[in-house]
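Open your viewer and get ready to click along. We will pick out a few places in turn and see what is there.

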Amino acid sequence: MLKVNVGSADRVIRILVGLLLLAAHFTGYIGAWGWLGVVPLFTGIFRICPAYLPFGINTCKTK
C-alpha cells in the first residue's frame, strides 16, 4: 500500500482545482482539457500523489 503524502492544505487545493476544471468542462467554458481535473481530484481524495514519490516530497505534517 502506498503511503499518504498529501497534506491538508495541499489536499484542499487539489480538490478545488479538480472540481473547477471539471465544472469548466461541463459548462462548456473549456474543452476536453477539463478532464485533467480528474487527476488533482483523485490525488486529493486519496491523499497520494505518485509524482511526489520519486522526489521524496511529503506535505503531511509529521506526528
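**First stop: a polar contact**

Select Asp-10 and Thr-59: their side chains make a polar contact at 3.2 Å. A polar contact here is a pair of N or O atoms within 3.5 Å; within protein, one must be able to donate a hydrogen and the other to accept it, and residues adjacent in sequence count only if both atoms are side-chain atoms. Before moving on, note that this is a predicted model, in which local features need pLDDT of at least 70 and side-chain atom pairs count only at pLDDT 80 or more, while totals for chains, interfaces and linings use all residues. Residues are numbered from 1 along each chain as its sequence is written, and side-chain values use heavy atoms, leaving out hydrogens and water.

Stay with Asp-10 and colour helix 1, residues 8-26, where Asp-10 is found. Helices are DSSP runs of H or I with at least four residues, strands are runs of E with at least two, and both are numbered from the N terminus. Is Asp-10 buried or exposed? Asp-10 has a relative accessible area of 16%, so it counts as buried. The cut-offs are under 20% for buried, over 50% for exposed and partly exposed in between (1.4 Å probe, protein chains only). Now show Tyr-52 as well: leaving aside residues up to four places away in sequence, Asp-10 touches Tyr-52 and Thr-59. Touching means a contact, with heavy atoms within 4.5 Å.

**Second stop: two rings**

Next, select Phe-26 and Trp-35. The protein has 2 aromatic pairs in the count. Phe-26 and Trp-35 have ring centres 5.3 Å apart and planes at 80°, so this pair is edge-to-face. Rings of Phe, Tyr and Trp (its six-membered ring) pair if their centres lie within 6.5 Å; planes under 30 degrees apart are stacked, over 60 edge-to-face, and the rest tilted. Phe-26 is exposed, at 58% relative accessible area, whereas Trp-35 is partly exposed, at 44%.

Move to helix 2, residues 38-46, and click Phe-42 within it. Phe-42 is partly exposed, with a relative accessible area of 46%.

**Last stop: zoom out**

The C-alpha trace spans about 45 × 20 × 20 Å along its principal axes. How many of the 63 residues count as buried? The share is 27%. Finally, of the contacts with a separation of 6 or more, 63% come from residues 24 or more positions apart.
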